[in-house]
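Here are my notes for a colleague who has not seen this model before. Please keep the structure open while reading.

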Amino acid sequence: MARYADKLARAGICAQGQAALCARDDAFFATGPDEAAAFLTALADSLGAGAAILIRPTTPYREAAAFLARAALAGTHPGQAAVFPRDCETRTFFHDLPVLDMPGWPPPRDRGAVSAAARALSRRKGVMFADGSMAAHGSMILEQAFVTVSSMCFACFVKFFSDALACRRLGGLPPDMAAAMGRVLDGLPELPPLPDTAPALSPGPLADAASARAAMAEAGRLTVQSGLVDSVFGNVSCLVEGVLHISRTGAALDALEGQIEACPLDGSSCTALTASSEFPAHARIVTETAAKVVLHGHPKFSVILSMDCDRTDCPDRGRCHVACREKRRIGGAPVVPGEVGCGPCGLVHTLPPALRGYQAAMVLGHGAFTVDDRDFNRAFAAMLDLERDCREAVLARVARG
């Protein structure tokens with residue numbers, strides 16, 4: 001519990017002391033403020049869950065979530081309110097984020113509040129409260145709840161800014177959104193800053209499996225530490241003598257030791273079955289371009305800008321992530337549609353061609369993919385530079401109201 005409380009704080013998801021965590025051994029153990037810990041333990045117990053987390057997010061995440069929650073509650077019947085983010089992870093893994101018309105930090109003391117939260121969590125992995133606080137459960141372990149709350153913060157942040165950019169294109173932010181945006185912007189210093197420069201990573205060529213895996217673990221760890229990915233999402237790979245070493249599905253990028261699969265590209269092994277779900281795209285990239293390494297992250301502002309489009313009359317509006325036909329670039333990086341997997345709209349078809357001749361490409365609403373033919377130094381620097389440029393562009397646009 002202490003380790004995950006520390007991870008929440010280091011990621012800027014919530015401040016120290018602003019999280020309650022509980023986990024079951026022979027009985028429940030909990031940390032955090034007494035009221036929050038008691039509510040959370042009762043909630044996890046009623047769900048039959050093994051673990052749960054309740055957070056009061058840092059100001060930018062909390063104010064964005066609270067604005068979205070208020071809008072959801074105002075637009076539907078009690079008990080049916082939900083926020084519908086459009087980023088890839090929410091569409092794929094969470095679908096929608098249910099909203100409860102009650103505060104979450106501190107939570108109400110009555111059993112009715114626990115029952116209401118349990119009903120919402122019986123059909124979803126996480127729940128939002130009207131004040132922007134969030135709770136999530138894990139059927140077995142704390143990591144499951146950590147993944148959900150961190151992903152919810154990311155999804156709400158991206159949706160809030162995406163909605164604000166759309167409103168600006170239509171004439172300006174409504175007064176309540178403008179007020180919320182002011183609070184979000186004032187709170188941005190609470191989030192970990194981007195590095196001023198890219199750190200020096202292990203130099204290539206990465207000519208053997210051991211050096212490739214060490215370089216992958218290093219790149220993954222720095223991607224997380226630099227705030228270029230949310231939760232455990234993102235992946236990394238390196239090609240060595242016909243074998244693509246790639247992070248395992250569900251592996252945390254900052255803990256890749258023992259979580260890397262060696263997948264021969266001649267199909268002589270079934271190790272790809274447990275590799276990242278984006279293995280097919282990585283495989284096509286390293287076989288159809290000069291790339292030997294691939295780094296994939298979810299930089300917040302890069303994702304936001306990838307979803308910003310001025311085609312309000314587009315017939316594919318609402319299906320942008322799979323059907324966008326616009327030729328767009330962000331900071332020189334092509335932006336392409338594509339969903340996870342090998343389906344007809346899979347990024348396995350759209351991403352590899354986009355990376356021919358480019359060091360970075362964006363998948364709309366999903367994240368950045370960066371490559372290099374030697375090691376992770378230029379790939380990491382390209383992702384960092386892309387996020388810095390996108391951050392400046394987004395903040396400049398919303399500042400104009």
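The points below go from the basis of the model to sheets, cores, rings and charged pairs.

1. Basis. This is a predicted model, in which local features need pLDDT of at least 70 and side-chain atom pairs count only at pLDDT 80 or more, while totals for chains, interfaces and linings use all residues. Residues are numbered from 1 along each chain as its sequence is written, and side-chain values use heavy atoms, with hydrogens and water left out.

2. Strand S3. Helices (H or I, at least four residues) and strands (E, at least two) are DSSP runs, numbered from the N terminus. Strand S3 covers residues 51–57. Six of its seven residues are buried. Buried means under 20% relative accessible area, exposed means over 50%, and partly exposed lies in between (1.4 Å probe, protein chains only).

3. Neighbours of S3. Two strands pair if DSSP finds at least two bridges between them. Strand S1 (residues 14–24) runs antiparallel to S3, joined by six bridges. Alanine 23 has alanine 51 of S3 as its bridge partner. Strand S7 (residues 134–138) is also antiparallel to S3, with five bridges. There, isoleucine 55 stands opposite methionine 134.

4. The eight-strand sheet. This sheet is open, with mixed pairing and the order S10-S9-S8-S11-S15-S14-S13-S12. Strands S10 (260–264) and S12 (328–330) stand at the edges. Each has a single partner strand, so one side of each is left without a neighbour in the sheet. On average, neighbouring strands are turned by 25° against each other, direction ignored.

5. Inside that sheet. Strands S11 (residues 293–297) and S15 (residues 367–372) run antiparallel and share five bridges. Leucine 295 has threonine 370 of S15 as its bridge partner. Helix H9 (residues 279–288) packs on the sheet and touches S8 (235–240), S9 (243–247), S10, S11 and S15. Contact means heavy atoms within 4.5 Å. The direction of H9 makes about 140° with that of S9. Axes are lines fitted to C-alpha atoms, for helices over the stretch in contact, and angles run from 0 to 180 degrees between N-to-C directions.

6. Nonpolar cores. A nonpolar core is a set of buried Ala, Val, Leu, Ile, Met, Phe, Trp, Tyr and Cys residues joined through side-chain atoms within 4.5 Å. The largest one has 85 residues. Ile55, Met128, Phe161 and Phe376 have the most contacts inside it. Helix H6 (residues 142–169) gives the largest share, 14 residues. Another core, of 25 residues, lies apart from it and includes Cys22 and Leu40.

7. Phenylalanine 161. Is this residue buried or exposed? Phenylalanine 161 is buried, at a relative accessible area of 0%. Not counting residues up to four places away in sequence, its contacts include Met181, Leu185, Ile304 and Val398.

8. Aromatic pairs. Rings of Phe, Tyr and Trp (its six-membered ring) pair if their centres lie within 6.5 Å; planes under 30 degrees apart count as stacked, over 60 as edge-to-face and the rest as tilted. The structure holds eight such pairs. Phenylalanine 39 and phenylalanine 129 are edge-to-face, with 6.4 Å centre to centre and 65° between the planes. Phenylalanine 39 is in helix H2 and phenylalanine 129 in strand S6 (residues 126–129), 90 residues apart. Phenylalanine 39 is buried at 4%, and phenylalanine 129 is buried at 0%.

9. A second ring pair. Phenylalanine 161 and phenylalanine 301 are edge-to-face too, at 5.7 Å and 70°. Phenylalanine 161 lies in helix H6 and phenylalanine 301 in helix H10 (residues 300–306), so the pair ties together parts that are 140 residues apart in sequence.

10. Salt bridges. The whole structure has 16 salt bridges, each a side-chain nitrogen of Lys or Arg within 4 Å of a carboxyl oxygen of Asp or Glu. One joins glutamate 35 and arginine 109 at 3.3 Å, N to O. Glutamate 35 lies in helix H2 (residues 34–47) and arginine 109 in the loop between S5 (97–100) and H5 (111–121), so the pair ties together parts 74 residues apart in sequence. Glutamate 35 is partly exposed at 36%, whereas arginine 109 is exposed at 73%.

11. Arginine 378. This residue bridges to aspartate 372 at 2.9 Å and to aspartate 373 at 3.3 Å. Aspartate 372 is buried at 5%; aspartate 373 is partly exposed at 46%.
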